Amino acid sequence: MPQTPPFTGQLNTGGYNKNLYQTKEEGYSGLYYHDNNLASGSLEALIHHLVPTVDYYPDRTYIFTFLLSSRLFIRPHELMSKVCHLCMEQQRLGDPQADKMRARKSAPKILQLLTEWTETFPYDFRDERMMRSLKELTHRLANGDEVYRKAVGQMSQGLIRRLTVLSQYEEALVKINATAAERLTALKAKPQASIHRDMLSICNDPYTVAQQLTHIELERLGYIGPEEFVQAFVQKDPLDNDKSCFSDHKKASNLEAYVEWFNRLSYLVATEICMPVKKKQRARVMEFFIDVARECFNIGNFNSLMAIISGMNMSPVSRLKKTWNKVKTAKFDILEHQMDPSSNFYNYRTALRGATQRSITANSSREKIVVPFFSLLIKDIYFLNEGCANRLQSGHVNFEKFWELAKQVSEFMAWKKVECPFEKDRKILQYLLTAPVFTEDALYLASYESEGPENHMEKDRWKSLRSALLSRV
């Protein structure tokens, strides 16, 4: 019988088990297999393959892969509408004279499919059209049966809870960003009043700061829906006459917020280094962040590690040669080597595999932490998406591509489920999230004030920046 390729991470089912999942017959119209694995199919056939019957339930790897990738071809609410129609048609849920035993056998399977959808892709259900179809189908499933009514209630409560938590997180992000903007405005108005507040005055222990950075990373990672990786790159389906698959959908806001956090951390590191007037203090800040970066590496927090390295390699920081001469750079050189982009980030990918293996066999929650260098993960998924066609020449959906996509995203799903084991320090977290960060121009200006321009190009830039600043004042 045809099988679904097993893969690790969130969907580690231990392979395909014929005793658990009975497949539809091999010759099902519109589905094609290669080496016993589903390779391609028409969109309609793939939708049929998703819908349970009395004697069939799709295995979890197929459910995840199809729900993840189908949005490239059909909007989630349209897919839900089709699934509901097929369920009602096959199980004759709209027919009061239907075989009640048949409906009773199929109802748990339909409910299980809906539960998997609401648990793994809850953000799909922010769309009222999704909720309407879900309510209609679950109402028919639960009609007259107390057991199913209770199960439907539990599923609905779980979904509402997840969507409520998401809304609260998004509101918190808005407040954090507003506070950060206010503090930057205050700093511009009275620069000397705020200058004494820096990272080292808040906390001078690198390990504690690395722990708090990991808190932020895991929280923001946790709110990214798997579908955002697909929606970030969604393009017009050539067989779709509509303008865009997601013109009316919030595509990837949590993914974008996470990328913005990386940029903020890089600029925060650069700001902290460029702010001090004295060379000795700047060198101390540099060494502190090198130690923070090393602790991030030891924890398995590669995203903060790379953000710190990026901040320290920004031109306004890297040009501070007199300051760098006072810094013991051996540790920094090792960290840069680990994150060296040559050979497609070979060293980092090796370290990531090691951290992932440690996470799989971990005995403690600390050993489970894996925070990937996120921009590279997105880049990998982007090139996978760009490198293979979504459809074959026959017009069939290229499902072999989507197995590969699901493998990458399911590994991310395992990483984002890890709860941060470190104690929260509100003061440090507040500083990391809301402390004022300089723009690139402000960083250059501070850098030139600390160590004067060394050539004509730098002198011209310095004059230009100073005159621009004076004109704004």
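Helix H13 passes helix H16 in a left-handed crossing, where left-handed means that the near helix is turned anticlockwise from the far one by less than a right angle, and right-handed means clockwise. The contact is made by Leu-305, Ile-309 and Met-312 of H13 together with Phe-332, Leu-335 and Glu-336 of H16, contact meaning heavy atoms within 4.5 Å. The structure is a predicted model, in which local features need pLDDT of at least 70 and side-chain atom pairs count only at pLDDT 80 or more, while totals for chains, interfaces and linings use all residues. Residues are numbered from 1 along each chain as its sequence is written, and side-chain values use heavy atoms, with hydrogens and water left out.

**Overall composition**

- The protein contains 22 helices and three strands; these are DSSP runs numbered from the N terminus, helices being H or I with at least four residues and strands being E with at least two.
- Of its 473 residues, 52% count as buried; buried means under 20% relative accessible area, exposed over 50%, and partly exposed in between, with a 1.4 Å probe and protein chains only.
- Among contacts with a separation of 6 or more, 77% are between residues 24 or more positions apart.

**Two helix pairs**

- Two packed helices are described by the angle between their axes and the distance between the axes.
- H13 (residues 302-312) and H16 (residues 330-338) pack at an angle of about 115 degrees, and their axes are 11 Å apart; axes are lines fitted to C-alpha atoms, for helices over the stretch in contact, and angles run from 0 to 180 degrees between N-to-C directions.
- By class, the contact of H13 with H16 has five nonpolar, no polar and one charged residues; Ala, Val, Leu, Ile, Met, Phe, Trp, Tyr, Cys and Pro count as nonpolar, Asp, Glu, Lys and Arg as charged, and the others, Gly among them, as polar.
- In a second pair, the axes of helix H9 (residues 206-222) and helix H20 (residues 426-434) come within 10 Å and cross at roughly 65 degrees, and H9 passes H20 in a right-handed crossing.
- Thr-208, Gln-212, Leu-213, His-215, Ile-216 and Arg-220 of H9 meet Ile-428, Leu-429, Leu-432 and Leu-433 of H20.
- The residues of this contact of H9 with H20 divide into six nonpolar, three polar and one charged.

**Nonpolar cores**

- In soluble globular proteins, nonpolar side chains tend to be buried together.
- The largest nonpolar core has 135 residues, and Met-199, Phe-229, Met-312 and Phe-374 have the most contacts inside it; such a core is a set of buried Ala, Val, Leu, Ile, Met, Phe, Trp, Tyr and Cys residues joined through side-chain atoms within 4.5 Å.

**Salt bridges**

- The structure holds 15 salt bridges, each being a side-chain nitrogen of Lys or Arg within 4 Å of a carboxyl oxygen of Asp or Glu.
- The side chains of Glu-116 and Arg-60 meet in one of them (3.4 Å, N to O).
- This pair links distant parts of the chain, with Glu-116 in helix H4 (residues 100-120) and Arg-60 in helix H2 (residues 60-69), 56 residues apart.
- Glu-116 is buried, with a relative accessible area of 8%, whereas Arg-60 is partly exposed, at 29%.
- Asp-291 and Lys-331 form a salt bridge through their side chains (2.7 Å, N to O).
- Asp-291 lies in helix H12 (residues 279-299) and Lys-331 in helix H16, so the pair ties together parts that are 40 residues apart in sequence.
- Asp-291 is buried, with a relative accessible area of 19%, and Lys-331 is partly exposed, at 32%.

**Backbone angles in helix H17**

- Most residues other than glycine have a negative phi.
- Ser-343, found in helix H17 (residues 342-360), has a positive phi, near 55 degrees, and Ser-343 is exposed, with a relative accessible area of 62%.
- Phe-345 also lies in H17 and has a positive phi near 55 degrees, but Phe-345 counts as buried at 10% relative accessibility.
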